[in-house]
Amino acid sequence: GSNIQRAGTTRRYSDYTIFNGTVHMVEVPSNPDLDAAEQTKQVLESMEKMLTAANSDKGRILSATIYLTDIERDYDSMNQMWDQWIPEGTAPARACVEVSRLANKGYKVEIALIAAQKQ
């Protein structure tokens, strides 16, 4: 794995990994006490910083998987934050699924992204 780059690596996970010009990352909210909209905003702001550090940006996202603990309650508010964040005309392939629980019971959203690095 010498050509795999990792950042923020712990025993269990890395903040992001890079292989063959593709960036992979997953992020959760820093504050589990906020509502879904604010948690989404936190996740996206954090991801934007990581994308920059990985020589990519939010206009180069190839795919996103969004996990919500209550899709009926939180889908619209999450999408409001997503729509404000993602540049017009650059929407990635995307899945949004409901899960029964995330790692911290206060988490309402978790997002996984794959993005292309800048050339």
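I shall speak about the salt bridges and then about a pocket.

Please bear in mind that this is a predicted model. A search of the whole structure finds four salt bridges.

Let me begin with Lys-58 and Glu-48, whose side chains form a salt bridge at 3.6 Å from N to O. Lys-58 sits in the loop between helix H1 (36–53) and strand E4 (61–68), while Glu-48 belongs to helix H1, so the pair ties together parts that are ten residues apart in sequence. Lys-58 is partly exposed, because its relative accessibility is 21%. Glu-48 is also partly exposed, at 31%.

In the loop between H1 and E4 we also find Asp-57, and its partner Lys-118 lies in the segment after strand E6 (109–116), so this pair ties together parts that are 61 residues apart in sequence.

Through shared partners, salt bridges link Asp-70, Arg-73 and Asp-74 into one network.

I turn now to the pocket. Which residues line the largest pocket? They are Tyr-13, Ser-14, Asp-15, Val-26, Glu-27, Val-28 and Met-50. This lining comprises four nonpolar residues, one polar and two charged. The volume of the largest pocket is about 200 Å³.

Terms used. Residues are numbered from 1 along each chain as its sequence is written. This is a predicted model: local features need pLDDT of at least 70, side-chain atom pairs count only at pLDDT 80 or more; totals for chains, interfaces and linings use all residues. Side-chain values use heavy atoms; hydrogens and water are left out. On a 1 Å grid over the protein atoms alone, a cavity is a set of points where a 1.4 Å probe fits but cannot get out, and a pocket is an open set with protein on both sides within 12 Å along at least five of seven lines; lining residues have an atom within 4 Å of a point. Grid points are joined across faces, edges and corners, and a volume is the space filled by probe spheres set on the points. Ala, Val, Leu, Ile, Met, Phe, Trp, Tyr, Cys and Pro count as nonpolar, Asp, Glu, Lys and Arg as charged, and the others, Gly among them, as polar. Helices (H or I, at least four residues) and strands (E, at least two) are DSSP runs, numbered from the N terminus. Buried means under 20% relative accessible area, exposed over 50%, partly exposed in between (1.4 Å probe, protein chains only).
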